[in-house]
Amino acid sequence: MSKQTVLVIDDERDIRELLTITLGRMELDVDAVGSVTDARNALAGRRYDLCFTDMRLPDGSGQEIIELIAASYPDMPVAMITAYGNVDAAVNALKAGAFDFVSKPVDIHLLRRLVRTALRLSEERKAESGAKAAGGPGADRLIGDSPVMAEVRGKIAKLARNQAPVYIAGESGVGKELVARLIHELGPRSAGAFVPVNCGAIPSELMESEFFGHRKGSFTGAHADKEGLFQAAQGGTLFLDEVAELPLHMQVKLLRAIQEKAVRPIGGRDEIPVDVRILSATHKNLAALVEQGLFRQDLFYRINVIELRVPPLRERRGDVPKLADFVLRQLADEAGTAPNRLRPEALAALEAYHFPGNVRELENILERAMAMCEGDTIEADDLMLPQRAPAAAPAQATPESVLAAAAGIPAPVAAGHDGSLEDYISNIERDTIIKALEESRYNKTATAKKLGITFRALRYKLKKLGID
């Protein structure tokens, strides 16, 4: 079996020799060059499994090499060698397509782990040519055929290939942790641990110990050494859910751990190198919190190298039937019974519903409906869908305001109307649908398209509102 090959690009002779010796001891075949020109010639003349490149080179920059490899040799992982503390260069490299980065002076242990991870990725890319990302372990859990979900799956496949920190944005209940798990499972760290942590669930006074660990006797109650979350995720992925809940003092410590790839346990003298990929998520607007001074801007830029937005359920209503079927089958398996069936009217009601709680709310609604229905068929009334807009969120879009906007009707003000809020909203919805019908010459398919809802949902609304 032929040796795997590595290209090292650095104008410092000592670094080239160090990497050549270290990688040679790992049974790798190493070529070392000192300029962009020599690197281009080497890449043109030989196939490599991995590349290391310095940032500053005599006739150009490592950024040029990264962009060349991303464009011409996409199956080859490339890692940036940066000066100590030059994290901005590392972030730019990751955005350009670098797999990871290593800081000078080079830590040999971290280097070896990085190489093993990168070479696993290189082998997976060559062997599977992306097949794993399209239908590998866990991919079938991201239910939906809508264009926005196809886009999310495509981004997950790309993000799984490198080590850049990813910030997963999305409302509560859209499945941010599932997306994080898929990024982990489809990448070269899949054999390592996936460690999720809810940052809002850890008491502030215990955060440092939970994240970085502590030494025996470092504080009252520390009866033994304890490993932190970073150490538990060694070689794998640490998922920081609800990262916006971190207090400012922990944001500083987390920033250092991410930048230096090392942690210091409470009571410990030395920092411990850690090889961990950071994924984070929150339902809050992190950029707005930065502007308000509630979240550190430098930490925001470190965890948000790449942002992945998970769409709310109302932006992919066409996925509701498939999601509902999946949830009902899952609930039936847990209960050891045959799956319940949704009546057409019930399914239409679900497709027309706004889902402020997204997929998590859909699961809750269907679990409740299973308990309430007679026999194995779920009627629309069994869903017990809320009929009123939440009073706590008047600024958010409602199904009625969405319909009104789609039909070109300005949203009316609530002041001065008579009757209940439910009647008032029904009247707005009725007027909006009638206007859309008139503009579409009573073509129901065109009307549904104009209103941004499915034909089945429109038919349900026409029946509910008594529109002939």
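**Cysteines and charged pairs**

Author: Please do; bear in mind that this is a predicted model.

Reader: How many disulfides does the structure hold?

Author: A disulfide is a covalent bond between the sulfur atoms of two cysteines. Here a pair of cysteine sulfur atoms would have to lie within 2.5 Å to be counted. The number of disulfides in the structure is zero.

Reader: Is Cys-199 buried or exposed?

Author: Buried means a relative accessible area under 20%. Cys-199 has a relative accessibility of 1%, so Cys-199 counts as buried.

Reader: What is the relative accessible area of Cys-51?

Author: Cys-51, too, falls under the 20% limit that defines a buried residue. Its relative accessible area is 0%.

Reader: How many salt bridges does the structure hold?

Author: Side chains of opposite charge can pair when their charged atoms come close. A pair is counted when a side-chain nitrogen of Lys or Arg is within 4 Å of a carboxyl oxygen of Asp or Glu. The structure holds salt bridges to the number of 26.

Reader: Glu-17 and Arg-13 meet in a salt bridge; what separates them along helix H1?

Author: The N to O distance in this salt bridge is 3.0 Å. At 60% relative accessibility Arg-13 is exposed, while Glu-17, at 38%, is partly exposed. Both belong to helix H1 (residues 13-24) and are four residues apart, so their separation is about one helical turn.

Reader: Lys-261 and Asp-100 also meet in a salt bridge; how many residues apart are they?

Author: The side chains of Lys-261 and Asp-100 come to 3.0 Å, N to O. Lys-261 sits in the loop between helix H11 (248-260) and strand E11 (262-263), whereas Asp-100 is in strand E7 (residues 100-103). Both residues are buried. The pair links distant parts of the chain, and the separation is 161 residues.

Reader: Which residue forms a salt bridge with Arg-256, and where does that residue lie?

Author: The closest N and O atoms of Arg-256 and its partner, Glu-271, are 3.0 Å apart. Arg-256 lies in helix H11, 15 residues from Glu-271. Arg-256 is partly exposed at 40%, and Glu-271 is partly exposed at 29%. The partner is thus named as Glu-271, and its place is the loop between E11 and strand E12 (272-273).

Technical notes:
Residues numbered from 1 in each chain as written. Predicted model: local features only at pLDDT ≥ 70, side-chain atom pairs only at ≥ 80, totals over all residues. Heavy atoms only, no water. Buried < 20%, exposed > 50% of the residue type's maximum accessible area, 1.4 Å probe, protein only. Helix = DSSP H or I, 4+ residues; strand = E, 2+ residues; numbered from the N terminus.
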